[in-house]
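Biologist: Please walk me through how to read the core and the helix packing of a model.

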Amino acid sequence: MPGPVDPLIPLSLLEAVRTVDLPDNDFEAEFVHELRNKRLGLSDTVFAQIKRFSEAVRRKQRTDYAEAVGIARLIGRRPDAEAVFREAGRNFARQVYGTISPVTRKMMRTLPALLTRPLALRHARRVARRYMHGTARRMGGSIILEVSESVTRDAAPKLGGCAYYEAALRELIQLMVGGVGAVDHVRCASRGEGSCEWRAEWRPLRGKG
Ligand SMILES: [Zn+2]
(Lines give C-alpha, C1' and ligand atoms only; values in the text may rest on other atoms or scores of the structure.)
Protein backbone atom coordinates (compact mmCIF):
# COMPACT_ATOMS: atom_id res chain seq x y z
CA MET A 1 0.00 0.00 0.00
CA PRO A 2 1.45 3.39 -1.00
CA GLY A 3 2.29 5.89 1.74
CA PRO A 4 -0.11 8.57 3.00
CA VAL A 5 -1.11 11.46 0.74
CA ASP A 6 -1.47 15.17 1.32
CA PRO A 7 -5.04 15.98 2.46
CA LEU A 8 -5.21 18.58 -0.31
CA ILE A 9 -5.80 15.69 -2.73
CA PRO A 10 -9.06 14.40 -1.14
CA LEU A 11 -10.03 18.00 -0.29
CA SER A 12 -9.80 19.08 -3.93
CA LEU A 13 -11.85 16.04 -5.00
CA LEU A 14 -14.64 16.76 -2.51
CA GLU A 15 -14.69 20.49 -3.22
CA ALA A 16 -15.12 19.69 -6.91
CA VAL A 17 -18.11 17.45 -6.10
CA ARG A 18 -19.64 20.34 -4.18
CA THR A 19 -18.92 22.85 -7.00
CA VAL A 20 -20.42 20.61 -9.67
CA ASP A 21 -23.48 19.78 -7.54
CA LEU A 22 -24.28 23.37 -6.53
CA PRO A 23 -27.71 24.53 -7.69
CA ASP A 24 -27.09 26.41 -10.93
CA ASN A 25 -30.17 28.62 -11.02
CA ASP A 26 -32.71 30.29 -8.72
CA PHE A 27 -35.28 27.60 -9.36
CA GLU A 28 -32.92 24.88 -8.14
CA ALA A 29 -31.76 27.05 -5.25
CA GLU A 30 -35.35 27.17 -3.97
CA PHE A 31 -35.36 23.40 -3.74
CA VAL A 32 -31.95 23.08 -2.18
CA HIS A 33 -33.39 21.03 0.69
CA GLU A 34 -34.67 18.41 -1.70
CA LEU A 35 -31.49 18.52 -3.76
CA ARG A 36 -29.46 17.87 -0.64
CA ASN A 37 -30.83 14.34 -0.53
CA LYS A 38 -30.11 13.69 -4.19
CA ARG A 39 -26.77 15.35 -4.74
CA LEU A 40 -23.75 14.06 -2.87
CA GLY A 41 -21.94 17.40 -3.10
CA LEU A 42 -24.67 19.13 -1.07
CA SER A 43 -24.92 16.42 1.58
CA ASP A 44 -23.94 16.87 5.22
CA THR A 45 -21.43 14.03 4.79
CA VAL A 46 -19.47 15.88 2.10
CA PHE A 47 -19.73 19.13 4.08
CA ALA A 48 -18.26 17.39 7.16
CA GLN A 49 -15.47 15.74 5.13
CA ILE A 50 -14.50 19.03 3.48
CA LYS A 51 -14.24 20.55 6.93
CA ARG A 52 -12.13 17.65 8.19
CA PHE A 53 -9.68 17.69 5.26
CA SER A 54 -9.40 21.52 5.38
CA GLU A 55 -8.40 21.15 9.01
CA ALA A 56 -5.86 18.44 8.10
CA VAL A 57 -4.36 20.72 5.42
CA ARG A 58 -4.07 23.52 7.99
CA ARG A 59 -2.37 21.19 10.49
CA LYS A 60 -0.15 19.63 7.81
CA GLN A 61 -1.44 16.15 8.64
CA ARG A 62 -1.43 13.36 6.07
CA THR A 63 -4.33 11.21 4.87
CA ASP A 64 -4.37 7.46 4.27
CA TYR A 65 -3.85 6.61 0.63
CA ALA A 66 -6.79 4.17 0.81
CA GLU A 67 -9.16 6.87 2.03
CA ALA A 68 -8.25 9.20 -0.84
CA VAL A 69 -8.69 6.31 -3.31
CA GLY A 70 -12.13 5.58 -1.79
CA ILE A 71 -13.25 9.16 -2.48
CA ALA A 72 -11.93 8.98 -6.05
CA ARG A 73 -13.82 5.70 -6.62
CA LEU A 74 -17.03 7.26 -5.32
CA ILE A 75 -16.66 10.08 -7.85
CA GLY A 76 -15.77 7.54 -10.54
CA ARG A 77 -19.24 5.97 -10.31
CA ARG A 78 -20.93 9.22 -11.40
CA PRO A 79 -21.84 9.71 -15.05
CA ASP A 80 -20.09 13.10 -14.93
CA ALA A 81 -16.95 11.64 -13.26
CA GLU A 82 -14.45 13.03 -15.76
CA ALA A 83 -15.84 16.58 -15.44
CA VAL A 84 -15.60 16.33 -11.64
CA PHE A 85 -11.99 15.06 -11.85
CA ARG A 86 -11.08 17.96 -14.15
CA GLU A 87 -12.67 20.49 -11.82
CA ALA A 88 -10.81 18.86 -8.89
CA GLY A 89 -7.48 19.04 -10.75
CA ARG A 90 -7.96 22.76 -11.43
CA ASN A 91 -8.98 23.31 -7.81
CA PHE A 92 -5.83 21.50 -6.63
CA ALA A 93 -3.60 23.58 -8.94
CA ARG A 94 -5.14 26.86 -7.75
CA GLN A 95 -4.52 25.90 -4.13
CA VAL A 96 -0.88 24.87 -4.62
CA TYR A 97 -0.26 27.95 -6.77
CA GLY A 98 -1.49 29.94 -3.76
CA THR A 99 1.39 28.50 -1.70
CA ILE A 100 3.99 30.13 -4.01
CA SER A 101 5.11 33.55 -2.74
CA PRO A 102 3.52 36.57 -4.47
CA VAL A 103 6.97 37.87 -5.46
CA THR A 104 7.84 34.60 -7.24
CA ARG A 105 4.39 34.47 -8.85
CA LYS A 106 4.88 37.96 -10.27
CA MET A 107 8.38 37.11 -11.51
CA MET A 108 7.11 34.03 -13.31
CA ARG A 109 4.48 36.09 -15.13
CA THR A 110 6.69 39.01 -16.12
CA LEU A 111 10.28 37.85 -16.73
CA PRO A 112 11.40 36.37 -20.09
CA ALA A 113 10.71 32.65 -20.61
CA LEU A 114 14.42 31.88 -20.37
CA LEU A 115 14.28 32.84 -16.69
CA THR A 116 10.73 31.85 -15.79
CA ARG A 117 10.91 28.27 -17.06
CA PRO A 118 13.57 27.06 -14.62
CA LEU A 119 11.64 28.77 -11.84
CA ALA A 120 8.34 27.21 -12.90
CA LEU A 121 10.02 23.82 -13.28
CA ARG A 122 11.36 24.04 -9.74
CA HIS A 123 7.86 24.67 -8.41
CA ALA A 124 6.36 21.92 -10.56
CA ARG A 125 8.97 19.54 -9.09
CA ARG A 126 8.09 20.58 -5.56
CA VAL A 127 4.35 20.17 -6.18
CA ALA A 128 4.83 16.74 -7.77
CA ARG A 129 6.99 15.49 -4.92
CA ARG A 130 5.13 17.11 -2.04
CA TYR A 131 1.56 16.36 -3.11
CA MET A 132 1.44 13.77 -5.87
CA HIS A 133 3.89 10.98 -5.05
CA GLY A 134 5.39 12.07 -8.35
CA THR A 135 8.26 13.70 -10.17
CA ALA A 136 8.45 16.50 -12.72
CA ARG A 137 11.26 17.01 -15.21
CA ARG A 138 12.04 18.98 -18.33
CA MET A 139 12.29 17.43 -21.75
CA GLY A 140 13.03 19.91 -24.51
CA GLY A 141 10.11 22.29 -24.72
CA SER A 142 7.95 20.20 -22.40
CA ILE A 143 7.43 19.36 -18.75
CA ILE A 144 6.96 15.68 -17.92
CA LEU A 145 4.92 14.77 -14.86
CA GLU A 146 5.21 11.18 -13.67
CA VAL A 147 2.92 9.80 -10.96
CA SER A 148 3.68 6.29 -9.77
CA GLU A 149 0.92 6.01 -7.17
CA SER A 150 -2.04 7.80 -8.66
CA VAL A 151 -5.03 8.18 -6.35
CA THR A 152 -7.48 8.32 -9.25
CA ARG A 153 -6.14 5.52 -11.49
CA ASP A 154 -8.84 2.98 -12.35
CA ALA A 155 -11.37 5.17 -10.49
CA ALA A 156 -13.50 5.73 -13.59
CA PRO A 157 -13.97 4.08 -16.99
CA LYS A 158 -11.90 5.21 -20.02
CA LEU A 159 -9.05 6.58 -17.89
CA GLY A 160 -11.46 9.26 -16.59
CA GLY A 161 -9.62 9.43 -13.27
CA CYS A 162 -6.34 10.38 -14.99
CA ALA A 163 -8.06 13.63 -16.04
CA TYR A 164 -7.46 14.82 -12.47
CA TYR A 165 -3.66 15.01 -12.83
CA GLU A 166 -3.87 16.21 -16.42
CA ALA A 167 -6.11 19.14 -15.47
CA ALA A 168 -3.91 19.92 -12.46
CA LEU A 169 -0.75 20.06 -14.59
CA ARG A 170 -2.41 22.17 -17.27
CA GLU A 171 -3.84 24.66 -14.77
CA LEU A 172 -0.62 24.90 -12.75
CA ILE A 173 1.48 25.76 -15.83
CA GLN A 174 -1.18 28.17 -17.06
CA LEU A 175 -1.18 29.95 -13.70
CA MET A 176 2.61 29.98 -13.33
CA VAL A 177 3.72 31.17 -16.76
CA GLY A 178 0.47 32.46 -18.27
CA GLY A 179 0.18 29.92 -21.08
CA VAL A 180 0.26 26.20 -21.81
CA GLY A 181 0.21 24.13 -24.99
CA ALA A 182 -0.99 20.56 -25.53
CA VAL A 183 -1.05 18.21 -22.53
CA ASP A 184 -0.86 14.53 -23.47
CA HIS A 185 -1.26 11.42 -21.33
CA VAL A 186 1.72 9.56 -22.77
CA ARG A 187 1.91 6.59 -20.38
CA CYS A 188 -0.77 5.09 -18.13
CA ALA A 189 -0.69 2.70 -15.19
CA SER A 190 -4.21 1.58 -16.09
CA ARG A 191 -2.86 0.31 -19.41
CA GLY A 192 -0.25 -1.72 -17.53
CA GLU A 193 2.54 0.75 -18.25
CA GLY A 194 3.80 0.97 -14.67
CA SER A 195 3.02 4.60 -13.89
CA CYS A 196 1.04 7.49 -15.32
CA GLU A 197 2.90 10.16 -17.26
CA TRP A 198 1.84 13.43 -18.85
CA ARG A 199 3.72 15.71 -21.19
CA ALA A 200 2.83 19.40 -21.24
CA GLU A 201 4.21 21.86 -23.78
CA TRP A 202 5.45 25.19 -22.56
CA ARG A 203 3.81 28.05 -24.33
CA PRO A 204 4.88 31.49 -23.20
CA LEU A 205 2.67 34.54 -23.56
CA ARG A 206 2.79 36.17 -26.95
CA GLY A 207 5.54 38.76 -27.02
CA LYS A 208 7.36 36.99 -24.19
CA GLY A 209 10.36 34.73 -24.43
ZN1 LIG B 1 -3.24 7.22 -16.40
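Modeller: First, the ground rules. This is a predicted model: local features need pLDDT of at least 70, side-chain atom pairs count only at pLDDT 80 or more, and totals for chains, interfaces and linings use all residues. Residues are numbered from 1 along each chain as its sequence is written.

Biologist: Which residues touch the most other members of the largest nonpolar core?

Modeller: In soluble globular proteins, nonpolar side chains tend to be buried together. A nonpolar core is a set of buried Ala, Val, Leu, Ile, Met, Phe, Trp, Tyr and Cys residues joined through C-beta atoms within 7 Å. Here the largest has 52 residues, and Leu-13, Ile-75, Tyr-165, Leu-169, Leu-172 and Ile-173 touch the most other members. Helix 9 gives the most, 11 residues. (Helices are DSSP runs of H or I, at least four residues, numbered from the N terminus.)

Biologist: How do helix 1 and helix 6 pack?

Modeller: Two packed helices are described by the angle between their axes and the distance between the axes. For this pair the angle is about 125° and the axes are 8 Å apart. Helix 1 is therefore oblique to helix 6 (angles under 35 degrees count as roughly parallel, over 145 as roughly antiparallel, 65 to 115 as roughly perpendicular, the rest as oblique). The residues of their contact divide into 9 nonpolar, 4 polar and 2 charged.

Biologist: Is Ala-68 buried or exposed?

Modeller: A residue is buried if 20 or more other C-beta atoms, placed from the backbone, lie within 10 Å of its own, exposed if 12 or fewer, and partly exposed in between. Ala-68 counts as buried because it has 22 C-beta neighbours inside 10 Å. Ala-68 sits in helix 5.

Conventions:
Helices (H or I, at least four residues) and strands (E, at least two) are DSSP runs, numbered from the N terminus. Axes are lines fitted to C-alpha atoms, for helices over the stretch in contact, and angles run from 0 to 180 degrees between N-to-C directions. Ala, Val, Leu, Ile, Met, Phe, Trp, Tyr, Cys and Pro count as nonpolar, Asp, Glu, Lys and Arg as charged, and the others, Gly among them, as polar.
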